[in-house]
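Hello,

Here is the structure for you to take over. My notes on it follow below.

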Amino acid sequence: MIRSSHSTGAEEMEEDIKETPELPLEIIVYILSFLHASDRKEASAVCRSWYVASQDPRFQKNITFCFPASASSVDLIRGLGRMSHCNLIISQLDGFSMSRSLLLEVGLCLGSKLESLALPGSSITEASLLALLPRLTSLRRLDLRGLDSLFMSGAFLSRQEHRDQVRSALSGLEELDLSDLRYLSDLTFNRLTGCTPHLRRLSLAGCHIAFEFDPYRGCPVGAVEHSSALLSLRNLQRLLTEQKSTLVALDLSRTSITPASLRTIVQVQGLVLEELCLHGCKELTDYAVEIMVKHQPNLQRLDISACTELTDRAVEAVAMGLKTLTHLSLSRDWRITEKGLTDLLSVSSLRSLDLSECLHINGTEMVKGLARSGAARARLEALSLKRCTYIRDSAVFSLAQLLGSTLRELDLTSCVNVTDLSSRSIATYLQRLVVLRLGWCKEITDWGLLGMEETRKCEADKEMGDKGPRFTRTFGNMGFFTPPRLPFDERPRLVTHDELFKRETGTSLLALRRLQELDLSGCPKLTDSSIAQVVRYPDLRYLSLSMLPEITDTSLVSVARHCRSLTSLTCSHCPGISDHGVAQATPYLHRLQHLCLSGCGDITDKSLLLLGQQCKRLRTLDISRCQKVSAKTVDLLQLQRPFLEISTANCLHCE
C-alpha cells in the first residue's frame with residue numbers, strides 16, 4: 001500500500017490510498033523457480049496468489065512425500081488431494097485397521113493423481129493392496145520390494161476379476177520394482193506382469209531366480225512350466241520376449257545368474273536394453289561380459305560392480321563395444337588393474353565412472369587415456385576412487401588438471417595417501433565441483449584446506465638433535481635415548497592469526513563456491529582454524545564432520561551461519577561440541593532435516609528442546625551414545641513432533 005498526504009493552511013489532511021497492482025502469476029512462478037522445494041513450500045503460505053503459483057505443474061513433477069504410517073497421516077493424505085500430481089513413499093504399513101484405512105484414503109483422495117507409490121518396510125495384506133490398485137489409474141511407478149507378505153501364499157491376483165481390474169488401472173505402468181521378494185514364483189510373476197503390458201523398467205534384484213536348476217523338483221529349469229515355488233529363467237525370458245518393444249532397463253543384481261543365463265537374456269530377439277544392472281553377480285566371467293557387449297551395444301548405463309571374477313579383459317570389452325556408454329560402475333571388482341582404463345577413458349560419451357575399492361588402481365593409465373592428444377576422450381562429470389589406496393597426490397593433481405572443465409562429483413574417501421597437495425589441486429582446478437568427499441583422508445590438514453603451505457615444521461626434539469643414533473619403532477627405548485615421536489602422538493599445529501592472511505601458496509577450498517555436498521569426516525588433523533574459515537558455502541546441503549576430535553562449538557556455529565541451505569549435518573563423535581554450540585547454531589538451521597550428534601558427550605536435554613523449537617523441518621535426529629540425554633525429554637520431543645525419527649541407542653538415561 002502507498003499512502004500520500006497533502007495539507008494546506010486551512011484544509012484538513014487528506015489521505016489517498018492506492019493499491020499496488022498484483023504481480024502476474026507467471027512472474028511469481030518464475031521467482032519461485034529459483035527456490036528449493038522446502039523453501040517454495042514456505043513461500044506458498046505468503047498469500048493466495050503465491051500458493052496458486054507454487055502449484056504450477058513444473059513444481060509438482062518430481063516431488064515425493066515420504067512418511068511412516070500413523071493416525072495423523074490420514075489428514076496429510078487428504079491435504080495432498082488438492083495437488084494435481086503426487087508421489088508417495090509410505091513405510092511401516094501392516095495388516096491392522098489403521099493401515100487399511102490409510103490405504104483406503106490414498107485410493108479415494110489420490111487415485112487419479114498418484115504417479116508413484118512405494119511401500120518400504122511394510123507387511124500389508126493381499127486384500128489391502130487389491131482394494132487400492134484398481135483406483136490408481138495414473139500410476140507410472142510401483143515399488144513392491146521386500147513385500148513378502150503379498151506373495152507368501154501364492155494366491156495374489158489368483159482371481160480373474162481382480163486381474164481385470166488391476167490391468168485396467170495399471171496398463172500405463174512403466175516401472176516395476178520386485179526386488180528382494182523371497183516367495184516370488186512363475187505364477188505370481190505372470191499374474192502381476194500380465195497386468196502391466198508396457199513396462200520400461202523392471203527390477204528383480206535379490207530375488208530367488210532359478211537360472212539352470214530347480215532345487216525343489218531336482219530337475220533342470222524349464223522341465224516344469226509355470227512353477228508355483230520359484231521364478232525361472234524360462235519365465236523371465238518369456239516376459240522379455242513379450243515386452244521387448246518397451247523394456248529398456250533391467251536389474252538382476254545380487255542374483256545367481258550364470259554366464260549361460262546372461263547370454264540367453266541378452267540374445268532375446270528384438271530386445272534393446274539401455275540400462276543393465278548386474279551388481280554382485282559373482283558367477284559372471286569376462287566371456288559373459290563380451291557376449292553381453294556384442295548383443296547389447298546400445299547400453300548407456302552398466303553396473304557390473306562386485307562381480308569379483310571380472311578382470312581387465314571385461315573392461316577392454318566394454319571400452320571397445322559400448323561406444324554410447326555414459327555411466328559405468330566397476331566398484332569392488334578387485335581383479336581389475338590399470339590395463340584397460342586407457343581405452344575406457346577414450347569413450348567420449350562416458351560421464352560417470354565408479355572405481356571405488358578397485359585396489360590395484362593408481363591413476364596412471366587414467367591420466368594417459370585422458371591426456372591423449374588428438375583423440376576422443378571421456379568428459380567425466382562424476383568420478384569415484386573411494387578406497388583406492390594406491391592413489392597419490394600426483395594422480396589427483398593430473399586428473400584435476402585434465403577434468404577441470406567437466407567434473408562435478410569427486411569421491412576420494414579413504415584414499416590414505418592423499419595429502420594437502422591434493423586438496424590444493426582440487427581447489428585450484430576443480431572449481432565447478434558440486435560434490436566432494438574427502439572422508440578418512442587422514443593426512444589432510446588445516447593447511448591444505450586453507451590453500452597454504454606450512455611455514456614451519458615441528459622442530460626435532462632438542463634433547464636428541466642430530467647427534468647420536470636414533471632408535472626405530474622395532475627396537476624401542478633401551479633407557480639411554482628418548483624414543484622417536486610417533487605420528488599418532490603429535491597433535492595438529494594450529495594455524496596462527498597472522499598465517500591466515502598470508503595466501504602465499506595455492507587456493508583455499510573456499511574457491512569451490514558451488515559445493516552442495518562435502519564430507520570431511522575422519523580427518524583428525526582438521527581443527528577450527530580451517531573449518532570456520534573455509535566451510536562457507538551458501539548452497540551446501542550435506543555436510544559431514546564426524547570423527548574430528550579437534551573441532552569445537554566454534555566450527556558448528558560458523559558452519560550454521562555461513563551454510564544456511566544445510567539439510568543434512570553429521571557431527572558424530574566430536575567431543576568438543578556442546579549445548580552452547582547447538583544453542584548458537586540452531587537459529588540459522590531452519591532448513592535442517594537430518595542431524596547426527598551421536599557420541600557427543602556434552603549434548604543434554606537442553607539441545608533437544610532447542611532443536612524442537614528452532615528446526616521445524618527436522619525429520620531424523622541421531623543422539624545415540626549421548627549419555628546426558630533423558631528419556632523424558634526424548635518422549636516429550638516425540639510427542640510434539642510425531643513424524644520425527646529419533647535414534648537413542650546406548651543412551652544411558654533413555655534405556
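Thr196 counts as buried because its relative accessibility is 0% (buried is under 20% relative accessible area, exposed over 50%, partly exposed in between; 1.4 Å probe, protein chains only). This is a predicted model, where local features need pLDDT of at least 70, side-chain atom pairs count only at pLDDT 80 or more, and totals for chains, interfaces and linings use all residues. Residues are numbered from 1 along each chain as its sequence is written, and side-chain values use heavy atoms, with hydrogens and water left out.

Thr196 sits in the loop between α10 (186-193) and β8 (201-203). Helices (H or I, at least four residues) and strands (E, at least two) are DSSP runs, numbered from the N terminus. Leaving aside residues up to four places away in sequence, Thr196 touches Leu170, Leu173, Leu176 and Gln243 (contact: heavy atoms within 4.5 Å). Gln243 is 47 residues from Thr196 along the chain, and their C-alpha atoms are separated by 9.6 Å.

**Cysteines**

Cys195 is buried, at 2% relative accessibility. How many disulfides are there? The count is 0, with a disulfide taken as a pair of cysteine sulfur atoms within 2.5 Å. Cys277 is in no disulfide; its nearest cysteine sulfur belongs to Cys281, 7.9 Å away. Cys277 is also buried, at 18% relative accessibility.

Over to you.
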